[in-house]
Amino acid sequence: MTAKISFTLNGKPWTGNVHPLKRLLDTLREDAGLTGTKEGCGEGECGACTVFLDGQVVMSCMVPTCQAEGKKVTTIEGLVSDGDLHPMQDCFIQEGGAQCGICTPGMIMAAVAYANDPDSAEDMREALAGNLCRCTGYTRIYESVKKAMEKMSVSEIR
Amino acid sequence: MSRAVSDTPIRRSSDTSQFKSVGKNPPRKESREKVTGKAKYIDDLTFEGCLYGKTVRSTIPRGKIKKITFEPGVPWEEFTVVTAKDIPGKNVVALIEMDQPFLVETEIRHMAEPIALIAHPDKGLVEKALTKVRVEYEELPAIFTIDESLSGRNIQRGRDNVFKKYHIQKGDPAPVFSRPAIVVIEGEYWTGPQEQLYIEPNGVAAVATPDGVTVWGSMQCPFYVQKGLKPLFNLPDDKIRVIYCVTGGGFGGKEEYPTLPAAHAALLSWKAGGRPVKIIYDRMEDMWATTKRHPCRTRVKTAFAKDGKLLALQVDATMDGGAYLTLSSVVLSRGTLHAFGPYACDHVTIDTRAVFTNSPPYGAFRGFGAPQTIFPLELHMDRAADRLGIEPHELRLKNILHKGDTMATGQKMEDEMDIEGILKKAMTESRYLEKRKSHREHNRTASPVKKGIGLSLFFHGAGFTGSGEVFLDSRAGLEITPAGTVRILTANTEIGQGSFTTHSQIVAEALRIPYEMIEVAPPDTAVVPNSGPTVASRTCMIVGELLRRAADDLRDLLIRSSGLSNNGYGPDEFRRAASAHAEKNGVTRVYAKYKPPAGIHWDDQTYTGSAYGAYAWACYVCDLETDLTTYQVEVKDFVAVQEVGRVIHPVIAGGQIEGGVAQALGWALYENVVLKQGVMQNTQLTNYILPTTADTPPIRVFFYENPYPNGPYGAKGLGELPMDGPAPAVASAVAFSLGGKFISSIPILPENICEILK
Amino acid sequence: MRSYLAEFSVISPRSLDEALWALKQRPAPAPIAGGTDLMVLLNAGQLPPGAYLNLHSIPELRRPIEFVNGEACFGALTTYADARRHPEIRKRLPMLCLAAREIGALQIQSRGTWAGNIVNASPAADGVPALMAYDAAVELSSASGVRSVALADFYSGYKQTARRPDELVTAIRIPVPEKEAVQYYRKVGTRKFQAISKVLLAGIMVLGKDRRIKKIRLVYASVMPYTYRARAVEAVLEGRVPDGAAIKAAVAALRSELKPIDDVRSTAAYRLRVACNLLEEFLSASSPSRGEARRG
């Protein structure tokens, strides 16, 4: 049983024939060919599969593709515009926020969501608590996010 | 002693002015791919006509296979199925000993042991088919604990179930214990298993035909996989090609283990006529079936003079090795060689053993046995301090090693060292003394939240143990590209620790060219020399030094043959010379081969001599709170001070320490492997608890620099060091918060604290 | 992923009527809202194959949080994030915000629904105790009509609920408590976020002018096979001043009432002891010396 499912993927319309219960994670990776979204646990614990669904952070391993119908999906690939990295990506490079890199796309998505809406959580630790990292001890990630948030607010003022 | 202590965490102000790359923080070589999602991990690769493989595993801990039935309900005729009898060569993993089969033939020795393999183009259908394979067994009695193993009642390995034993003797402790006016303290300690929990589970892909086998995968050691697969297919080295993919964490968990799934995927491909086969473990399978840190029980007995001088030390440690030897003998060796700590003592015996149980084999995990023996000794020092009425740091200061002292192995401390300085720096940064006092006062109030602070002092030997590096005989190389840049050729994988970057810095420094002119060849056994495994904190120190020497030779070559000036040159001149050389001579590669540093001798028979060429030294302080309403512990602050030789890349080095500390805090406080019939039960991230951002304290890292003469620009190994110190510091701080009630096993869970306060 | 998708089907109805009609089929399709429970089971190969009803396609179920007659009204698809961000919920039903904040992490809160938390009937549900302490009621709709069940009467055993297979939770009504009510919510999990609770207490207490307890609700998660209202303890406390003696009596009553379980996450002994400690902490919080109830 597959169904035609359409959503906006990184700003462009996307349509595919997929099983409605197929995890959005798998649809993104297998049907849309976007492998930047990673699977670490498949049960909503590690956050490696974090994407935006209508602007909200979600674990794409927990979203049946049928529930993305008509919505806007943004993945790590969607953060780059005209070849320019998002400030968050830049800062993860500069500050050493990525080590083995497997949690990085999900971590960056959660961090961008927080930077866009700092009221969504009481602090950065809470905002990133859904994203497990085994390499960094999180310290360099905080540095990266802080730097990016400084940069982002500066560019807004301009 | 060149001493440079950072003013602020990580960002040191040491004198690295003579360096252009070393000591700087260039962006990691592979970070752009990682932050954009473009980096290709194994599961991101697609293969035309790919089959998806799954492993049928035992559901009993010990017994004989009577029958395997493929039940109806799936179209078995479409499947590729492999059992032991399909193996073209030897059904045995070539590691230290040839004792572990790739697939069980008749006797099962642990739960989750591979029995058969199935593959199909439809991923979902393979999952369903896995539930349709029924294995009938004849069960046999199994053993699950160290005591059962040593009881002599169920011998399954050799004469006594003991894989390996070591003994270290210095002086003679026995008579010391009967001296008058001494304080004898005994204790038993336990450290539990730990799952490496790299966020990317194990995964491989393979294409195998009689013409050759190619494997792609998530791994630390491509040449280990090659070595493991040769006898399996009866093929020579050049017919087994192993290609590293970007690897999402290893921590030892992808050291020896990937040989198994690599062999499985290759066997399925072989049977399927060379179709590509992918095996990607899901998290549950990865946690259920793959290696963990060896659990270890340690008994420590000490004799102290009343003033706190350590007169005699006896350590007896037993590790559970699981059902096959795999790496247990070398894990045990490292545990043995770290059991005596950074203390001077005239009378020491260390006795250790690794024993057989019907558990999945325990394996490599950051620290490699050392954390298991450092925890007991350091916690024992705290208990001793408590008994002697001496402050823990004073007891340590009275007994630390100084230059010229000898370790239990007889190794004389020849290099400059300043353990006292490290300890004092950690105390200052953590406001240790002040907090001991204020916490003690606070704990007298009615507040249900109690405070504690504790420290640990320890070392970690870098590189392979003893003569290990000589046996490895590593080679590393550099290649001149037609564009006039330089490409690094090593087998050492980038698993998050930054090896591509630090190696590039070392080569850039040696060649006096910009970091940007260095690239790194992805480890592929068909392309790179065998520079040894990516383990044992050796990649920067040992392989980095090989690269530095290769770079010297490469520069000399260009000076001799391509007109590079001997009196300095700019990047463009180098590029022109290198490019001209490549044009004239074709591909040019320069290799360097391992040479042991002078004066390093080790005797494997007596376990005496220089166990390691270099040691990193550290003192860690943990400040925490214990809530007596919930018995939960919250680490509030963590200070890590260490001497690791020259720091090549402060941000990466700091990241290694921070990550290692967090992983060790997990081991100390959260990560409880619940075993049933020898195998992990809590195989999900909902019930195997990793610390999140909210559970991980600020980790403040400080480096002491003391360049090591045999490391590249003075670097020593540091990757494993941070795994060693946190657990004892935590346990000590918890005991402080509980008014001196020591919990001598980890993890220390709220349940354990609740229990002890009954 | 361990499930074989070919064995599953999904109905995405366009209206509530269509959904209720679909639920008349036997076996009835299982509703899937935010997927934070069912998708975990699907991935683990533990979700029963068959038909599922996608609630996200039903516009009527996506209604905003409203306040009517002193009650907050949640829809079937109201998420934890919706409640957390709602200023009136924050002010008038603060335990719901505390609960929402501690459920999973932000990624879970944006998907998980209160109705799903109720229907899933996990003994470790984090949202249900707060709702139950507020005396919430569940509106169940089916093709044959609408009925309301008090949440406190919704559970009868492990995963046993008052919902018939043909019914859908269409609303949750939560009365706003008295202004002077002392509220307490504390989740003791395996870690701070992304945790399944080992013990959780949601409590409400209203004291009279004479400082006697006029009303008290004590709701525990993770200590019994379903979200548990400790009615015997409530009975011990009602009408008494929450002084030392009353607290002692209440703890003793709790000790004999609770029969916690041992499992992979914790031990019975720990659960019982912490359940008692939390009760003590809550009751002591109403005494002037302890100030406000902790937020957990």
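Guide: What follows sets computed values from this predicted model against the cut-offs behind the words.

Visitor: Why is Gln107(C) called buried?

Guide: Gln107(C) has a relative accessible area of 1%, and buried means under 20%, so the value falls under the cut-off and Gln107(C) is called buried. The residue is placed in helix H6 of chain C.

Visitor: What makes the pair Gln107(C) and Thr50(A) a polar contact?

Guide: The two side chains come to 3.0 Å, and a polar contact requires a pair of N or O atoms within 3.5 Å, so the pair meets the distance cut-off. Leaving aside neighbours within four places in sequence, Gln107(C) is in contact with residues of chain A that include Gly47(A), Thr50(A), Val57(A), Met59(A) and Asn131(A).

Visitor: How many residues does each chain bring to the contact between chain C and chain A, and what area is buried there?

Guide: Chain C brings 31 residues and chain A brings 37 residues, and the area buried between them is about 2900 Å², with carbon and sulfur atoms giving 55% of that area. On the side of chain C, the residues that lose the most area to chain A are Met39(C), Gln107(C) and Arg111(C), which together account for 22% of what that side buries.

Visitor: Why is the pair Glu45(A) and Arg191(C) called a salt bridge?

Guide: The closest N and O atoms of Glu45(A) and Arg191(C) are 2.7 Å apart, and the rule asks for a side-chain nitrogen of Lys or Arg within 4 Å of a carboxyl oxygen of Asp or Glu, so this pair qualifies as a salt bridge. Across the interface of chain C and chain A the rule finds four salt bridges, and the count of residue pairs in polar contact there is 19. Helix H2 of chain C gives the largest share of the side that touches chain A, namely four residues, and that side of chain C divides into 15 nonpolar, ten polar and six charged residues.

Visitor: What makes Asp135(C) and Arg217(C) a salt bridge?

Guide: The N to O distance between the side chains of Asp135(C) and Arg217(C) is 2.8 Å, and the cut-off is 4 Å, so the pair is called a salt bridge. The domain assignment of chain C gives domain 2 as 61-175 and domain 3 as 182-289. Across the interface of these two domains the rule finds three salt bridges, and the domains bury about 2100 Å² between them, 59% of it on carbon and sulfur atoms.

Visitor: How many salt bridges does the rule find between domain 1 of chain A and domain 2 of chain A, and how do you know that the two domains touch?

Guide: Contact means heavy atoms within 4.5 Å, and 15 residues of domain 1 of chain A are in contact with twelve residues of domain 2 of chain A, so the two domains do touch. These domains bury about 1100 Å² between them, 71% of it on carbon and sulfur atoms. Of the area that domain 1 of chain A buries against domain 2 of chain A, 41% is supplied by Phe52(A), Ile76(A) and Leu79(A), more than by any other three residues. The interface of these two domains also holds four residue pairs in polar contact.

Conventions:
Residues numbered from 1 in each chain as written. Chains lettered and ligands numbered in written order. Predicted model: local features only at pLDDT ≥ 70, side-chain atom pairs only at ≥ 80, totals over all residues. Heavy atoms only, no water. Buried area = accessible area lost by both parts, 1.4 Å probe. Polar contact = N/O pair within 3.5 Å; in protein donor to acceptor, adjacent residues only side chain to side chain. Helix = DSSP H or I, 4+ residues; strand = E, 2+ residues; numbered from the N terminus. Nonpolar A, V, L, I, M, F, W, Y, C, P; charged D, E, K, R; others polar. Domains from an automatic or database assignment. Buried < 20%, exposed > 50% of the residue type's maximum accessible area, 1.4 Å probe, protein only.
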